Amino acid sequence: MDPKYIRNFSIIAHIDHGKSTLADRLLEVTGTVSLREMKEQLLDDMDLERQRGITIKANSVSMRVKHEGQEYELNLIDTPGHVDFQYEVSRSLTCCEGALLLVDAFQGVEAQTVANAYNAIEHDLEIVPVLNKIDLTHARPDEVKEEIEHTLGLDATEAIGCSAKTGLNCDQVIKAVIDRIPPPTGDPKAPLQAMVFDSVYDEFRGAIIFVRVMNGTVKKGARIKFLQAGTEHDVVELGQKTPKRTAKPSLSAGQVGYMVCNIKSLGQVHIGDTVTVARGEQAKALPGYEEPKRMVFCGLYPSDGQDFETLREALGKLQVNDPSFVFEPETSDALGFGFRCGFLGLLHMEIVQQRLEQEADIDLVQTAPNVTYKIQKKDGEWLEVHTPTRVPEMGEIEEFQQPIVRVSFVMPAEYVGGIMKLCADRRGIFVRQEYLSPTRVMLVYDIALAEVVYDLHDKLKSTTKGYGTMDYELRGYEPGDLVRMDILVKNERVDALSIVCDRRDADTRGRAVIKKLKQEIPRHMFEVALQAAIGTRIIARETISAMRKNVTAKCYGGDISRKRKLWEKQKEGKKRMKSIGQVDIPQKAFLAVLETGEEEGGVKSR
Ligand SMILES: Nc1nc2c(ncn2[C@@H]2O[C@H](COP(=O)(O)OP(=O)(O)OP(=O)(O)O)[C@@H](O)[C@H]2O)c(=O)[nH]1
């Protein structure tokens, strides 16, 4: 196909602004999928995505459309909207010449609209603003246009107002893609140069690789080479998604499609790698993508020690599909054998955990999430620490550094005071404040990632009654006044409960955690002392008094089946418990260290 008639584009939007719905509508308007075939939200083909209603993995679909007598090929490359998956957004944008910036005409510009738009501007893409949901009676397209112009400096006069739900003006969106987004450049006759932008695992075909051909042509049966990995393979099948995989004889410069090359695992495929020919004139490597950064770590332990191998297998399987997730074995005195897992962010962590429980049917104990610290010891050695227990004794530490992120909040103006207080309480450093419109404000702060990980998103939602949104990017590492706080249960340190926190917060945090633990740990036949300590200094203490508990006592009369039922029930409750010393600690208690001590008796929802 002549590149002149190809358009490669993405839709970038804040979560829930209607990206998937618009994608569906475009498939329908172009006749790619008929109404009857239309399953809701075709692009979100992972079960979990559907359940959660968020697009996780980038995917692509090719559409053919006639415009002024000429057939065009439109390749839509899907992007996820959530902060955790920003790197996937960048990945998709590299393959496009333009992007539809989709903004909900009622909600207006949100934090991720800004982040995604900046990302697209950085990639030099042609941005076409589209206002969605104009069918809503409260839609305010003119104000939202102003917000776009004001915040992003884009010309929104020609923004298209559409409704992805009713289909209104969706044909205009297609027309704008053809008229306003430039065609790809590239020479179909040059040596093959294609960029790997995604890969998925198929049980029968192995790794399926998604590529954007920059130059040259690749044919079925060709011997290709991955320049970065240095490996060679035969192309068994290639084609485009329409949205089902449809085989083609070749893909040429400007086109987006998939290749199957008998590759057994995703680990062998490097996203960002360049594909060229194995024989003859080879192309130069394209600049690759950055490795995704794992920002959040936590321990995952099987409730039942016997499930360790099953858990390892399940984690391995997950990684085949999601190389951005990492894990390594770790042992905890308290929890036994388990794994330390690294995630892109909190949502990613939640998704992985849910998938494990659903797909592998393993009961898991999860420790509180933490970030990666950099520590310089007095002897000059630098450590990268993913687990609080690995933090050396305070006396050995020269410098203790933590990751700092720049957080952008967008919210109605009346909540500015609340958010400023929230950030000040977390020692955030004010960067700037900007009015998007007379009623909506963007606030930017630099805050320690650890604070963001604990509860910032939840707090933002409760402070702004759900109207505030946020996004963040890593700024780098900075020294902090940090300490490791340990928790002792019946005088034994429970390694899985250690945390790193700011020295100035330690007393409050310590008291809050101990109080929470007292609520979560059931009474035992003996007294259980709970203590929080920094080094040898005890900073908080509570005692759970002893209790004699015999649940079957009230079942006198000797109905054994009823007794059995009760015992069974008790066993159920114990499943998610871990025994430390002689003390049973339930799963929920391992998250008690997330308590910040701000609200009296407040229980976090996460
Ligand atoms: N009234 C109205 N509702 C819409 C329109 N477009 C989408 N919606 C609704 O908005 C909600 C979010 O739409 P999605 O398409 O799932 O949003 P998304 O941006 O893909 O969300 P993520 O995949 O989570 O990023 C759904 O309930 C849609 O039915 C529209 O034009 N009008």
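By pLDDT I mean the predictor's confidence in each residue, on a scale from 0 to 100. I start there because this is a predicted model, and where pLDDT is low, the predicted coordinates should not be read in detail.

One such place is residues 599-606, where pLDDT stays under 50. The model has five contacts beyond four places in sequence for that stretch. Residues 52-58 also stay under 50, and for them the model has 27 contacts beyond four places in sequence. As for the elements of the chain, helix α2, residues 47-52, has the lowest mean pLDDT, 51, while strand β5, residues 126-132, has the highest, 97. The chain as a whole averages 84, with 86% of the residues scoring at least 70. The model's ipTM is 0.97 and its pTM is 0.73.

Next, the interior. In soluble globular proteins, nonpolar side chains tend to be buried together. Here the largest nonpolar core has 163 residues. Which residues have the most contacts inside it? They are Ala-99, Leu-101, Ile-209, Val-211 and Phe-409. Take Phe-409: leaving out residues up to four places away in sequence, Phe-409 touches Ala-111, Ile-419, Met-442, Leu-443, Leu-460, Gly-468 and Met-470.

Now a helix pair. Helix α1, residues 19-29, packs against helix α6, residues 170-180, at an angle of about 85 degrees, and their axes are 9 Å apart. Angles from 65 to 115 degrees count as roughly perpendicular, so α1 is roughly perpendicular to α6. On the α1 side the contact is made by Arg-25, Leu-26 and Val-29, and on the α6 side by Cys-170, Asp-171, Val-173 and Ile-174. By class, this contact has five nonpolar residues, two charged ones and no polar ones.

Last, some backbone details. Most residues other than glycine have a negative phi, and most peptide bonds are trans. The peptide bond from Thr-242 to Pro-243, however, is cis, with omega near -10 degrees. Pro-243 sits in the loop between β12 (237-241) and β13 (245-247).

Two asparagines have a positive phi. For Asn-262 the value is near 55 degrees, and this residue is in the loop between β15 (256-260) and β16 (274-277). For Asn-491 phi is near 65 degrees, and the residue falls in the loop between β27 (482-489) and β28 (492-493).

Conventions. Residues numbered from 1 in each chain as written. Predicted model: local features only at pLDDT ≥ 70, side-chain atom pairs only at ≥ 80, totals over all residues. Helix = DSSP H or I, 4+ residues; strand = E, 2+ residues; numbered from the N terminus. Contact = placed C-beta atoms within 7 Å. Core = buried A, V, L, I, M, F, W, Y, C linked by C-beta atoms within 7 Å. Buried ≥ 20, exposed ≤ 12 C-beta atoms within 10 Å, placed from the backbone. Axes fitted to C-alpha atoms, helices over the stretch in contact; angles between N-to-C directions. Parallel < 35°, antiparallel > 145°, perpendicular 65-115°, else oblique. Nonpolar A, V, L, I, M, F, W, Y, C, P; charged D, E, K, R; others polar.
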